[in-house]
Amino acid sequence: MELKPWRIIDDMETCRFDTIRAIGFRLLFAVLLAAPAHAEWISETQNIMGTRCAVELWSEDHEKGEAAIASVFDDMHRIDRLMSTWKEDTEISMVNREAARHPVRISEELFRLLQTSVQYSELTHGAFDITYASVGYLYDFRKGIHPDAKTIRKALPGINYRHMKLDPKKLTVHFTRPGMRIDLGGIAKGYSVDKGIEILQKLGFTRAMVNAGGDTRIIGDRFGRPWVVGVRDPDHDGQTFLKLPLTDTAFSTSGDYERYFDENGKRFHHIIDPKTGDSARKCRSVTIISGNATRTDALTKSVFVMGPEDGIQFIDTLPDVDAVAVAPDGKVYYSKGLAPPEPEPQATPAG
């Protein structure tokens with residue numbers, strides 16, 4: 001049978017078209033595989049250090065975002081294994097067992113945080129003091145147990161950061177008074193939050209939030225809008241009395257409603273006044289805003305112990321810090337940077 005030229009040309013063009021189309025599909029499929037996943041906010045929570053911890057970040061790649069969050073949580077677990085007083089095999093537990101007998105060599109990381117703690121003790125004239133644990137360990141808020149006045153008087157001399165001697169050359173800590181103990185519960189969570197933000201920044205994330213209980217740090221904004229955080233009403237769980245728009249900052253809130261029990265109309269909670277060995281009772285809650293969570297964590301406890309008036313007056317001497325404190329009677333005190341405007345005086349009618 002005679003083949004017509006036009007039919008040969010038609011078959012060749014069809015074959016060429018199919019080949020080009022197949023190549024095009026393969027290229028498109030390869031591009032789709034290589035293209036980043038849909039950008040999104042990713043958030044996860046875990047229970048670490050005896051509290052709820054959360055990480056939220058903006059990522060253009062879901063797998064990279066989840067891996068970054070996992071890295072933050074892994075580091076929080078690492079810090080907990082280093083600084084928890086609830087575990088017998090941590091460095092802090094070793095220090096509490098041995099430092100009253102002889103100098104104990106510790107890791108550089110823990111040593112630096114002990115130095116930072118002493119700096120806040122000096123700054124606050126002892127309102128912040130990690131040796132509060134010399135009495136604080138006698139409380140059990142889960143079981144509703146507190147020491148009596150005689151027991152507190154006996155253990156109280158152990159609360160004094162000046163009796164904790166740090167040797168920066170040997171990286172050792174030594175207690176010069178028997179019965180001393182330390183607890184980093186007032187600063188370690190904030191420290192872990194700062195370390196988490198540091199991890200995310202090294203990985204290239206520019207919009208994120210890391211939280212550990214009452215301590216939070218934020219980097220970036222929410223695409224032109226600030227992060228809005230609420231300050232809890234001390235008397236009503238789930239309700240806030242103040243909302244703050246924040247970007248690139250840290251804030252911490254401490255309250256007498258976190259770990260506590262009530263006995264005969266008196267509340268015993270975890271924020272111990274270093275001067276008395278009893279729960280601090282001049283505040284219901286304190287919120288601090290500053291550049292890093294280590295700082296805000298330590299200062300919430302300090303102001304809580306000082307009380308709202310003295311505490312806010314102290315905060316007003318620090319140029320990089322703001323605060324909100326709630327007194328036992330419900331009155332709210334604000335530092336200069338957060339104080340609401342004074343109401344305009346009402347006009348008096350003529351005559």
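Student: What makes the charged end of R207 count as sitting over the ring of F223?

Tutor: The charged end of R207 is 3.8 Å from the centre of the F223 ring. A charge sits over a ring if NZ of Lys or CZ of Arg is within 6 Å of the ring centre and within 35 degrees of the ring normal, so R207 qualifies. R281 does likewise over the ring of F268, 5.1 Å from its centre. Do keep in mind that this is a predicted model, where local features need pLDDT of at least 70, side-chain atom pairs count only at pLDDT 80 or more, and totals for chains, interfaces and linings use all residues. Residues are numbered from 1 along each chain as its sequence is written, and side-chain values use heavy atoms, leaving out hydrogens and water.

Student: Why is the pair of F261 and F268 called stacked?

Tutor: Rings of Phe, Tyr and Trp (its six-membered ring) pair if their centres lie within 6.5 Å; planes under 30 degrees apart count as stacked, over 60 as edge-to-face and the rest as tilted. The F261 and F268 centres are 5.3 Å apart with planes at 20 degrees, so the pair is stacked. Both residues, F261 and F268, are buried (under 20% relative accessible area, with exposed over 50% and partly exposed in between, using a 1.4 Å probe and protein chains only).

Student: How many aromatic pairs does this rule give?

Tutor: Eight. One of them joins Y120 and F128, with 6.4 Å centre to centre and 70 degrees between the planes, so this pair is edge-to-face. Y120 and F128 are both buried.

Student: Which residues do ring pairs link into a cluster?

Tutor: The cluster consists of W41, W58, F223 and W227.
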